[in-house]
Amino acid sequence: MALIEFQTGLGQLLREQKSSDPLHGVNLDTNEKRYFETLRETAGFRFCASIQRSWCIGRAARSAYFTLSLLPDEERQALLNEWVDAGAGTRSFFDAEGESFLSFISERLTDPSHELSVCQFEQATLRASNGASFHASPDLTGLVNPERNLRRGKHAALVCLYVDPSLLLESMQTRKPLPPLSSEPIVLMFSPGLPQLCNAPSEEEIAVWEALDAPASVGTILSLNVSPKTLAGLLRQGTIEYAD
Amino acid sequence: MVAFVEVTPETICRQRGTGTTTEIEILPDLMELAQQTCGGLPMVIHGVELSIGSAHSWNDAYLRMLDSFQKSWPFVWHSEHLGFQTISGDDGATLEVGVPLPMPPTKEAAALVASRSDAILRRYGVPFLLENPAHYFSDLPTDPEIEGDIGLLHSITEGSGCRLLLDLHNLYCNAINHNFDPFKAIDRMPLDMVIEIHVAGGSWRDGFWMDAHDGRVPERVWEMLDYALPKVPHVAGVVFELLEEHAVGLGPEAIADELKHGWKIWNAHRAA
């Protein structure tokens, strides 16, 4: 058997443990197919498959640690199983996959809820942190052109928490029930150029973020009574970026 | 008690992108912390992400990262695991399997790894070592000329300038799980090629002894070290491996005990 066929076959058998046709696309003759069918039934393969699955679950769990900590055991396990059954969790740099996993979880949480807020918080932290390692302040002179288009930064986010974060942390640590949702959310802005990755934004900054729900020109944003200084600050810290 | 440090560079890196556009970036603050922690001790690299045996391609992003790493923090030698952990997807993108897998003892596998080892030697200008892996498969495709896992190590080291990182715990795992005598296996190894030795702990799981790096070194592995050391004329160091998440549980006193145990055996054979 050629090396590439052996590796692809073994790799797919492990990656696609729930698939009815895990050897799809692998160029195997009858004897080689029989080899993999036999291999799959060995204790060694089954052990390796169980290790692979537990590592995939472990990686995914670490990438969404806080969010999963808030969920009941059954729900947490169901989310992890669904994610790994779809072939995810294999990447050794698990935070590269963390954003996708947190998106996957967020689609399944009630809006609004503490669980969703923490999920968005964790995702925003990961996103800003990923952006921070190569963030550089852009040329600000583009802001003098009112036709220049702006959009939300790829590594930025606005997150609403419906209770003091310390109470959320306490609930995670003690497994006590979560406090009720506050009617006055605490808003946090995440940007890769901020020293601590997030801060409490001003009303003007929130207005810019909301106005950029879709890309808009510098002129349009300034017409909302936003000061050029605020716009420059948001651009510098990566909360917003040029769209062209 | 520590004469040199072994660094896995991926632990201070972040990956960006997916599939064919992946980059592995060194995080400067973690690099600085690692250098401070190592306090000027000699340093060797022990990578996990190269996937030197992947037939479709090795991990170019890892090597680009290591190029940059070497410029910032030169290393005395460089080692990797003999195996593969990526395959090619239907669209040609690289897919990670999620666990490291062994190379089959075949001529094709030996030639591929030997040629890549030579390329690494030229690229970094320091010794390059391959580690014998632990694995749980009893029936890998084989060429009779290669003579199994140990024969594969001979073929690679004889076919290149590559040297060997003899992982005694991996050998111990395979000896238990595949039912052979680890001391006889040591005698069959290319011992002249050994530059470094690993010892570690493991644990039972589902009827297999697992290379878990989760605790103390089994007494039998210490005996294997005592047996192997007089037979490896070029060995330059022994490393006790323990995963970060198990270090706190094991505790500093137990870790110090393991290091002392290793030194005692080392000194008995190498002090002169």
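Select chain A to begin: of its 244 residues, 36% are buried, a residue being called buried if 20 or more other C-beta atoms, placed from the backbone, lie within 10 Å of its own. This is a predicted model, in which local features need pLDDT of at least 70, side-chain atom pairs count only at pLDDT 80 or more, and totals for chains, interfaces and linings use all residues. Residues are numbered from 1 along each chain as its sequence is written, while chains are lettered from A and ligands numbered from 1 in the order in which they are written.

Next, select in chain B the strands β1 (residues 5–7) and β4 (residues 43–46), which run parallel and are joined by 3 bridges; strands count as paired if DSSP finds at least two bridges between them. Here Val7(B) stands opposite Ile45(B).

Finally, show both chains: 31 residues of chain B are in contact with 31 residues of chain A, contact meaning that the C-beta atoms, placed from the backbone, lie within 7 Å. On the side of chain B that touches chain A, the largest share, 6 residues, comes from β7(B).

Methods
Two residues are in contact if their C-beta atoms, placed from the backbone, lie within 7 Å. Helices (H or I, at least four residues) and strands (E, at least two) are DSSP runs, numbered from the N terminus. A residue is buried if 20 or more other C-beta atoms lie within 10 Å of its own, exposed if 12 or fewer, and partly exposed in between; C-beta atoms are placed from the backbone.
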